[in-house]
Amino acid sequence: MEIERHEYDVVVIGAGGAGLRAAIEARQQGKRTAIVCKSLFGKAHTVMAEGGAAAAMGNVNSADNWMVHFRDTMRGGKFLNNWRMAELHAKEAPDRVWELEAWGALFDRTKDGKISQRNFGGHEYPRLAHVGDRTGLELIRTLQQRVVALQQEDEKLHGDPEAYLKVFAECTITQLLKAGPDEDSPISGAFGYWRETGRLICFDAPAVVLATGGIGKSYVVTSNSWEYTGDGHALALLAGAKLINMEFIQFHPTGMVWPPSVRGILVTESVRGDGGVLRNSEGKRFMFDYIPEVFKDKYATTEEEADRWYNDQANNRRPPELLPRDEVARAINSEVKAGRDSPHGGVFLDVSSRLPAAEIVKRLPSMHHQFKELADVDITAEPMEVGPTCHYIMGGVEVDADSGASSVPGLFAAGEVSGGMHGSNRLGGNSLSDLLVFGRRAGAGAAQYVDGLPGRPVSPEETLKGAEVEAMAPLSRTGGENPYEVHHELQRTMNELVGIIRKAEEVQEALEVVEKLKERAANAGAPGGRIYNPGWHLAIDLRNMLLVSECVARAALIRQESRGGHTRDDFPVMSAEWRRKLLRCGLTPDGAVTIEERDQPSMRDDLIALFDRAELSKYITADELADFDTLVKES
Amino acid sequence: MGYKAKFRIWRGEGGEGKLEDFVVEVNEGEVVLDVIHRLQATQTPDLAVRWNCKAGKCGSCSVEINGRPRLGCMTRMSTFEEDETITVTPMRTFPVIKDLVTDVSFNYKKAREIPSFTPPDNVKPGEYRMQQIDVERSQEFRKCIECFMCNNVCHVIRDHEENKPAFAGPRFLMRIAELDMHPYDVADRKDSAQEEHGLGYCNITKCCTEVCPEHIKITDNALIPMKERVVDRKYDPLVWLGNKIFKRTGSSSSSGSKTS
């Protein structure tokens with residue numbers, strides 16, 4: 001079959017926030033750049049981000065700065081974060097947000113005309129730049145329109161709007177191409193197919209930026225869209241790169257629970273940031289019972305103090321509804337298990353008794369719309385029913401913090417598909433800023449890598465042949481397994497056995513199921529032709545979902561502690577020893593998942609010095625604490 | 001609680017196709033897209049439908065349901081009678097790729113024809129100062145999820161292929177209005193709205209507003225005010241004279257000059 005071929009300097013896979021920001025950067029640095037995405041341009045999962053982009057601009061509370069943001073991020077991730085990423089992120093987020101404004105974004109304003117900032121879980125000060133509760137849409141539209149602006153510039157300069165930046169929409173990459181078979185052989189391109197026509201396509205390019213988002217479609221109850229099949233995670237593994245922190249999955253505390261068909265759809269944390277409270281079936285504001293030891297001095301212990309905080313943050317502690325997401329999700333899970341759940345198995349999230357109706361509609365327009373249209377619930381008059389939903393994977397490709405480079409030369413990653421930045425738990429609002437900061441850095445890293453290359457790596461013809469056979473196989477297996485059934489079973493398995501609360505024997509059982517599903521997926525068939533055939537597309541995506549699910553389960557089995565987005569029923573306590581370890585997934589040449597323990601690099605002296613000894617002592621080992629004392633004495 | 005619903009769905013590719021009948025299970029609280037997914041999983045694995053977020057936020061699953069442009073993910077089954085046959089067809093204004101999926105490239109082409117946001121040269125990132133009340137007008141239009149149903153329903157192009165080259169459609173005329181109302185945009189968009197993007201074709205039948213899933217008042221808040229701005233420019237002798245005498249200096253003019 002004929003394979004369409006294109007030559008680029010940089011191929012960006014994924015057109016959400018990270019992918020678009022990376023592509024914009026590569027193009028601004030003069031590189032011929034392709035953006036390849038599974039959906040239409042402008043539809044990526046980033047549109048669903050609601051709350052905002054965290055950036056310590058200090059517009060609402062001038063006490064905010066990058067150091068406070070850095071500390072909040074490390075705390076939220078339970079000190080497992082890649083500290084260099086957390087540092088770069090906190091320092092650069094304001095510039096990335098301001099840049100969007102110069103590209104036409106219209107954020108909500110403060111009284112003095114600056115970008116307004118809202119409160120969010122785990123952030124000490126109001127920090128999230130936002131547009132009502134549709135910030136992700138604003139972000140993606142602004143980046144999309146920036147791409148168009150650059151194309152208009154290129155049209156003027158070169159007579160062709162797509163001379164330096166072209167979007168390949170509804171196109172799926174199935175394999176990364178390398179110049180040789182070794183783990184450190186450089187990237188030479190990417191192979192895939194057009195969803196619309198089924199035609200095969202090959203990019204010859206020395207640099208690839210993965211910006212494919214997450215893995216949520218391996219779970220039944222998820223806030224993620226169909227695109228989240230872990231493509232970038234799997235492509236990276238198959239190309240020889242490593243994944244870290246795969247055991248850490250964020251279950252967002254508040255997803256819709258009813259009606260069944262919308263179960264999992266996100267209810268923004270802004271509801272709580274703007275005053276909404278969680279209650280159980282007995283009407284109790286239960287979060288006061290779930291403030292963990294490490295956060296005891298930062299959260300209010302009475303409703304009165306919590307309510308005063310919204311207007312006077314200097315003299316009161318934060319409401320416990322605004323604890324980091326992992327804490328709130330576990331608390332809701334416990335209330336439901338204890339039988340104090342709402343009629344459809346969640347808890348109540350109430351903003352109707354907290355703000356005037358007009359204010360709710362103004363601040364939370366898309367939540368108001370979503371509940372009215374999908375659940376017949378008027379959130380200005382009655383509480384919502386909510387429960388945890390699979391939302392975000394902290395784990396991903398192990399990258400160099402400054403450039404986004406993976407261990408494979410020419411392969412870069414940014415956004416959710418990369419790992420490290422958020423440690424064991426991501427704070428709300430840190431995702432949109434992550435996309436911008438590290439999208440830009442990965443685009444720049446790729447451009448710089450291309451500049452330093454003596455020649456362009458070439459893909460051997462036989463790898464192309466192999467990629468073609470793999471992509472076309474499901475179409476020829478007309479009597480094969482139904483890919484939809486395999487997918488549903490994987491989703492149920494991961495949800496039930498590797499969900500919020502994990503146990504060794506259940507995770508073991510999940511691994512056995514995944515093993516069987518791999519065999520079934522290898523035999524999945526797709527009746528019909530090549531033109532826009534969703535059964536075929538799903539059969540191909542199954543490989544990625546299964547590979548990533550196996551990484552999640554294997555890492556979850558090994559980590560014998562509870563931290564952030566990984567809670568072990570059989571090891572309920574956080575361990576300072578485990579904090580020093582990262583679990584790093586790789587693949588053997590014959591395709592088996594391997595996991596090795598790696599040491600977590602120690603924080604740079606000036607960064608660890610930003611923390612109190614008392615706080616550090618809750619997280620780090622006695623040896624580490626002794627080093628800290630020496631450091632403080634010397635300075 | 002569950003029942004069997006009758007669906008009639010347009011199937012085909014390459015310019016040919018027909019309506020096919022299906023009987024499919026429906027459960028409480030489901031939307032039309034859920035039912036289409038059930039058909040894929042149980043009866044027709046290759047049935048093509050475009051979708052993404054399934055929460056009314058991405059604008060991918062635009063189809064026509066009983067002849068009305070709707071998002072499949074936001075159309076609840078409870079809005080139909082149980083014995084009603086529900087007909088789902090692709091958007092009519094755009095060429096069909098397969099089944100319910102259309103080629104919407106017209107919209108992306110038009111998007112590229114609208115000159116981008118043009119800020120003044122002398123304002124640096126971080127220095128922008130705008131009042132909430134001044135950003136709200138454009139913010140309404142930026143709620144657009146680009147489902148393209150307004151362009152699909154607009155009679156100027158729905159049955160008039162020949163108008164497509166000269167008409168940007170409500171979506172992108174609204175984009176011009178959005179930029180024109182942006183406190184910091186200094187580009188002059190009024191003449192081009194009329195002459196290059198076909199604002200004059202719009203005769204304010206408000207079909208676009210009616211189908212907008214985001215409830216944006218496209219006609220009242222974007223198109224009519226834009227028409228008024230164009231008219232002021234074209235026929236107001238004072239504006240005409242002013243333009244002749246105080247020729248605009250393009251990008252160096254301050255943002256303050258753009259309020260109206």
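At what angle do helix H1 (residues 17–28) of chain A and helix H11 (residues 430–451) of chain A pack? The angle is about 35°, and the two axes lie 7 Å apart. The model is predicted. Chain A is divided into domain 1 (3–248 + 394–451), domain 2 (257–388), domain 3 (478–599) and domain 4 (605–634). Chain B is divided into domain 1 (3–102) and domain 2 (105–258).

**Helix pair H1(A) and H11(A)**

- H1(A) passes H11(A) in a right-handed crossing.
- H1(A) brings Gly17(A), Ala18(A), Gly19(A), Arg21(A), Ala22(A), Ala23(A), Ile24(A), Glu25(A) and Ala26(A) to the contact.
- From H11(A), the residues they meet include Leu432(A), Leu435(A), Leu436(A), Phe438(A) and Gly439(A).
- By class, the contact of H1(A) with H11(A) has 13 nonpolar, 4 polar and 3 charged residues.

**Four-stranded sheet of chain A**

- An open sheet of 4 strands runs in the order E1-E10-E9-E8 (chain A), and its pairing is mixed.
- Its edge strands are strand E1 (3–7) and strand E8 (171–178) of chain A, each pairing on one side only.
- On average, neighbouring strands of this sheet are turned by 25° against each other, direction ignored.
- E1(A) runs parallel to strand E10 (residues 200–204) of chain A, and 5 bridges join them.
- Ile3(A) stands opposite Leu200(A) in E10(A).
- Arg5(A) has Cys202(A) in E10(A) as its bridge partner.
- Strand E9 (residues 187–194) of chain A runs antiparallel to E10(A), again with 5 bridges joining the two.
- In this pairing, Tyr193(A) has Leu200(A) in E10(A) as its bridge partner.
- E9(A) and E10(A) form a hairpin with 5 residues between them.
- Gly198(A), in the turn of that hairpin, has a positive phi of about 80°.

**Three-stranded sheet of chain A**

- A second open sheet has 3 strands in the order E4-E6-E5 (chain A), with antiparallel pairing.
- Strand E4 (53–54) and strand E5 (117–118) of chain A are the edge strands, each pairing on one side only.
- E4(A) pairs with strand E6 (residues 128–129) of chain A in the antiparallel sense over 2 bridges.
- Ala54(A) has Leu128(A) in E6(A) as its bridge partner.

**Domain contacts within each chain**

- The C-alpha centres of domain 2 and domain 3 of chain A lie 31 Å apart.
- Their contact takes 5 residues from domain 2 of chain A and 5 residues from domain 3 of chain A.
- Helix H8 (residues 325–337) of chain A gives the largest share of the domain 2 side, 4 residues.
- That side of domain 2 of chain A divides into 2 nonpolar, 1 polar and 2 charged residues.
- In chain B, the C-alpha centres of domain 1 and domain 2 lie 33 Å apart.
- There, 12 residues of domain 1 of chain B are in contact with 13 residues of domain 2 of chain B.
- The domain 1 side of this chain B contact has 6 nonpolar, 4 polar and 2 charged residues.

**Interface of chain A with chain B**

- Chain A gives 49 residues to the contact and chain B gives 47 residues.
- On the chain A side, the elements that give two or more residues are helix H3 (83–102), helix H4 (135–158), helix H10 (365–375) and helix H15 (534–558) of chain A.
- H4(A) supplies the largest share of that side, 8 residues.
- By class, the chain A side has 24 nonpolar, 13 polar and 12 charged residues.

**UniProt features on chain A**

- UniProt lists "domain: FAD-dependent oxidoreductase 2 FAD-binding" (unreviewed entry) at residues 9–432 of chain A.
- Over residues 9–432 the chain is 28% helix and 19% strand, with end C-alpha atoms 26 Å apart.
- UniProt also places a "coiled-coil region" (unreviewed entry) at residues 490–524 of chain A.
- Over residues 490–524 the chain is 77% helix and 6% strand, with end C-alpha atoms 14 Å apart.

Notes:
Residues numbered from 1 in each chain as written. Chains lettered and ligands numbered in written order. Predicted model: local features only at pLDDT ≥ 70, side-chain atom pairs only at ≥ 80, totals over all residues. Axes fitted to C-alpha atoms, helices over the stretch in contact; angles between N-to-C directions. Left-handed = near helix turned anticlockwise from the far one by under 90°. Contact = placed C-beta atoms within 7 Å. Nonpolar A, V, L, I, M, F, W, Y, C, P; charged D, E, K, R; others polar. Domains from an automatic or database assignment. UniProt positions renumbered as here; feature names shortened; annotations may be inferred. Pairing = 2+ DSSP bridges.
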